[in-house]
Amino acid sequence: MSDESGGLDILFVAVMAVITLFVVGTTVAVAGVGLGQVTPAAQSMLVQTDDRSPSQPCAPGENLLAKYNWDSTDDGYGFVFEKGASDEVTFNVIAYDGGPSDGPTEVEWTSQTPVNVEVVKSGGGSDINQASELDPPSTTGTATSEQGISFLAFCTVPSTPTPTEEPTEEPTEEPTEEPTEQPTEEPTEEPTEQPTEEPTEQPTEEPTEEPTKTPEETVYWQVDFGPGEEPPDPPYYGENDRDLMAALGNSEDGVKQNPSVLHQNRPGQLQNVTITGNSFTFDDPDDPTQVTVEFTVPEDGPNRTLHLAAFTLPGPFNYSEVPQQELQTVTSGNFTAGETGTLTISIPQPTSGPSSSAGRRSALVLFGFGGTLLGMTVVGRQRKP
């Protein structure tokens with residue numbers, strides 16, 4: 001009996017040893033597969049890749065922190081940022097398989113934001129090779145692959161806000177005592193005497209005189225000196241390559257800009273025309289009623305037809321309101337090469353406006369070259385509103 005019992009014990013021990021070796025060997029083999037693809041330092045575990053693609057490397061519930069493609073750069077090859085929330089991951093390539101053009105087989109990375117999932121695509125094809133969950137989330141890691149890595153993606157998982165505990169106990173005690181004493185005494189005496197006398201006299205005289213003059217509305221005006229018999233309608237001079245000089249003012253402040261700011265940085269001249277003093281001459285800069293421009297056509301230049309026009313504006317000059325400017329008066333003349341001349345017109349006044357039916361008259365005095373004096377009066381033309 002003892003020999004048989006001993007044989008059975010030896011057989012049982014042998015069977016258990018075989019089973020143990022099989023289990024241990026299987027565990028080591030599985031662990032070896034995982035560790036061969038994921039960085040040991042990251043303490044990561046592989047997660048499924050079915051719900052991931054090169055265009056959407058992060059699974060539902062994850063946010064793409066950054067995706068980098070291995071591509072050529074100015075310095076050779078490297079990981080180039082493609083998309084994501086922030087370009088904040090840096091890389092240190094450790095090893096290549098065939099060379100830089102084939103992509104790295106081992107690369108260290110560092111991120112400013114903790115990464116939850118590292119996604120690796122390597123070799124050919126369009127499938128994700130592996131996705132590793134980092135537990136806990138890490139700002140550093142090492143990605144490895146048997147073939148050159150074509151892109152790396154880094155995903156984060158938004159933290160779920162923990163429910164805040166609200167106090168379950170509410171104050172049950174409230175003040176039960178209220179002031180029981182109320183003031184019982186109130187003033188019993190009230191003033192019995194009221195003023196019995198009221199003023200019986202009211203002012204019987206009221207001002208009967210009212211101002212007979214109403215404030216005049218400020219008139220904003222602009223003076224243009226340009227080519228042709230009259231200004232364009234609307235008065236844009238762009239087609240004439242801004243062949244123009246202008247001045248601005250109003251009936252309240254007088255002359256404000258002579259010439260206007262748009263022309264102060266320019267020579268102040270028209271093409272082939274020299275303007276005396278590069279400005280206009282007003283009879284009274286504080287309260288102008290007339291404006292004059294004096295100019296000379298160069299001897300070596302062409303003959304010129306020139307005009308001087310005055311407009312009213314809706315308000316202070318605004319380039320977008322140029323079409324709303326209303327022509328009040330204009331005068332023009334033909335001038336030959338070498339001739340010096342002047343053009344004079346009236347400035348719009350508060351009492352005048354587009355409703356006035358009478359045309360304005362402006363004086364045009366031409367001084368011929370060589371001192372010949374010619375006097376002529378030109379009737380200004382007024383544009384209907």
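Tutor: A residue is buried under 20% relative accessible area, exposed over 50%, and partly exposed in between, with a 1.4 Å probe and protein chains only. This is a predicted model, in which local features need pLDDT of at least 70, side-chain atom pairs count only at pLDDT 80 or more, and totals for chains, interfaces and linings use all residues. Residues are numbered from 1 along each chain as its sequence is written, and side-chain values use heavy atoms, with hydrogens and water left out.

Student: Why is Tyr319 called partly exposed?

Tutor: Tyr319 has a relative accessible area of 43%, which lies between the limits of 20% and 50%. Tyr319 sits in the loop between β14 (304–313) and β15 (326–335); strands are DSSP runs of E with at least two residues, helices are runs of H or I with at least four, and both are numbered from the N terminus.

Student: Which residues make the nonpolar surface patch?

Tutor: Tyr236, Phe317 and Tyr319 make this patch of about 270 Å². A patch takes residues with over 30% relative accessible area and no salt bridge, joining like charges within 9 Å and nonpolar side chains (Val, Leu, Ile, Met, Phe, Trp, Tyr) within 5 Å. Accessible areas come from the Shrake-Rupley method with a 1.4 Å probe, and for residues only the protein chains shown count as cover.

Student: What makes Glu82 and Lys67 a salt bridge?

Tutor: A salt bridge needs a side-chain nitrogen of Lys or Arg within 4 Å of a carboxyl oxygen of Asp or Glu. The N to O distance between Glu82 and Lys67 is 3.2 Å, so the pair qualifies. The pair links distant parts of the chain, with Glu82 in strand β3 (residues 76–84) and Lys67 in strand β2, 15 residues apart.

Student: Is Lys67 buried or exposed?

Tutor: Lys67 is buried, because its relative accessible area is 5%, whereas Glu82, at 38%, is partly exposed.

Student: What makes Lys67 a charge over the ring of Phe151?

Tutor: The rule asks for NZ of Lys or CZ of Arg within 6 Å of the ring centre and within 35 degrees of the ring normal. Lys67 lies over the face of Phe151 at 4.4 Å from the ring centre.

Student: Why are Arg304 and Asp243 said to meet in a salt bridge?

Tutor: Their N to O distance is 3.0 Å, so the pair falls within the 4 Å limit. Arg304 is buried, with a relative accessible area of 11%, and Asp243 counts as buried at 4%.
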